[in-house]
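Subject: Structure handover

Hello,

Here is the structure to look through. Please open it before reading the notes that follow.

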Amino acid sequence: MSSHTMRILSCSALSVLILAIAFEAAVALPFEMTAREREVLEEFYNSTNGDTWTGSKWDLNVANPCDFSTLWTGIFCLNGHLSTINLNGKNLTGTLPASLGELSWLTTFNIYDNSVGGTLPSSMRLMSSLNTLDLSANQFSGFLPPNANNWTALTDLLLHGNSMEGAFPEEFFALPAMKKINLAGNKFTGTVPVSLNTLNKLTEFNLNGNNFHGVFPSGIGNATSLMTFDVGSNSFEGTLPASLGNATNLRTLNVTGNKFTGEIPSSYGSFKF
């Protein structure tokens, strides 16, 4: 064997050894959260009556709830912080704690299909890392906290099936990463601003069964990947947006129960339901 070949093998073996050591070190390091994040989680557990959750409950005595051997159900940690709460259909009741907004590294907060009520803590506007907020099919009431300017990473806003009310903050219709907005079955009021025309990543837009009014923005068709457009049972007026015909992937269209006038745009003939 030549010396050149031996040098290649030696380098390859060294690379494999370095990778093995790095992998072993990564596996050995437990996933963790900060002490304050754990305190907030315990407050959340108590505030939503954790002892009556269905399925696995959290053992508040474990040293590290992020460690896979003692992992609390429905959570995930990354880079030393709590990143996910996913507790859909777990019989959560009660209310959300005021401290929830301190979870500034949280990217997913999903408590779909539970019975949590009351108003949303105003501190939630500080959760600047949120990608997905799914509070649908609960018993929330009151207003949505304004000042959504911190939620620039938000892609999914799912609030359907609650009893929330009041003027819906227009800034939510201008968040650049937004893909899904579902507010169906609430009591929101207000208009939809022209900033909606800039949300070209939208795939779902559902305002069914609220109290929105006014003329609908004409550029909704800029969201060419839109699959659901449901504004039924509101008080929109004026003509239907012709640009919606650009959304050739549309599978659900509902504009009934409004005050739209004029003819159905010819561009709607491209839909393939």
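A contact here means heavy atoms within 4.5 Å. This is a predicted model, in which local features need pLDDT of at least 70 and side-chain atom pairs count only at pLDDT 80 or more, while totals for chains, interfaces and linings use all residues. Residues are numbered from 1 along each chain as its sequence is written, and side-chain values use heavy atoms, with hydrogens and water left out.

The chain as a whole

The chain holds two helices and 16 strands. Helices (H or I, at least four residues) and strands (E, at least two) are DSSP runs, numbered from the N terminus. Of its 273 residues, 44% count as buried. Buried stands for under 20% relative accessible area, exposed for over 50%, and partly exposed for what lies in between, with a 1.4 Å probe and protein chains only. Among contacts with a separation of 6 or more, 49% are between residues 24 or more positions apart.

The sheet

Seven strands form an open sheet in the order E4-E6-E8-E10-E12-E14-E16, with parallel pairing. At the edges stand E4 (117–118) and E16 (259–260); each has a single partner strand, so one side of each is left without a neighbour in the sheet. Two strands count as paired if DSSP finds at least two bridges between them. E4 and E6 (residues 139–142) run parallel and are joined by two bridges, with Gly117 opposite Gln139 in E6. Further along, E10 (residues 187–190) pairs with E12 (residues 211–215) in the parallel sense over two bridges, and Thr189 stands opposite Asn211. E12 is also joined to E14 (residues 235–238) by three bridges, again in parallel; there Gly214 has Phe236 as its bridge partner.

The nonpolar core

A nonpolar core is a set of buried Ala, Val, Leu, Ile, Met, Phe, Trp, Tyr and Cys residues joined through side-chain atoms within 4.5 Å. Which residues of the largest core touch the most other members? Of its 65 residues, they are Phe44, Leu96, Phe109, Ile111, Leu202, Phe205 and Leu226. The elements giving two or more residues to this core are H2, E1 and E2 (81–86), and H2 gives the largest share, four residues. Leaving out residues up to four places away in sequence, Phe44 touches several residues, including Trp53, Trp58, Leu87 and Leu92.

Two residues in one loop

Thr155 and Phe143 both lie in the loop between E6 and E7 (156–158). Is each buried or exposed? Thr155 is buried, at a relative accessible area of 17%, whereas Phe143 counts as exposed, at 55%. Not counting residues up to four places away in sequence, Thr155 touches Asn131, Thr132, Ala177, Met178, Lys179 and Lys180. The C-alpha atoms of Phe143 and Ser122 are separated by 9.6 Å, and the two residues are 21 residues apart along the chain.

Leu71

Leu71 is in the loop between H2 (35–47) and E1 (75–78). Leu71 is partly exposed, with a relative accessible area of 34%.

Regards
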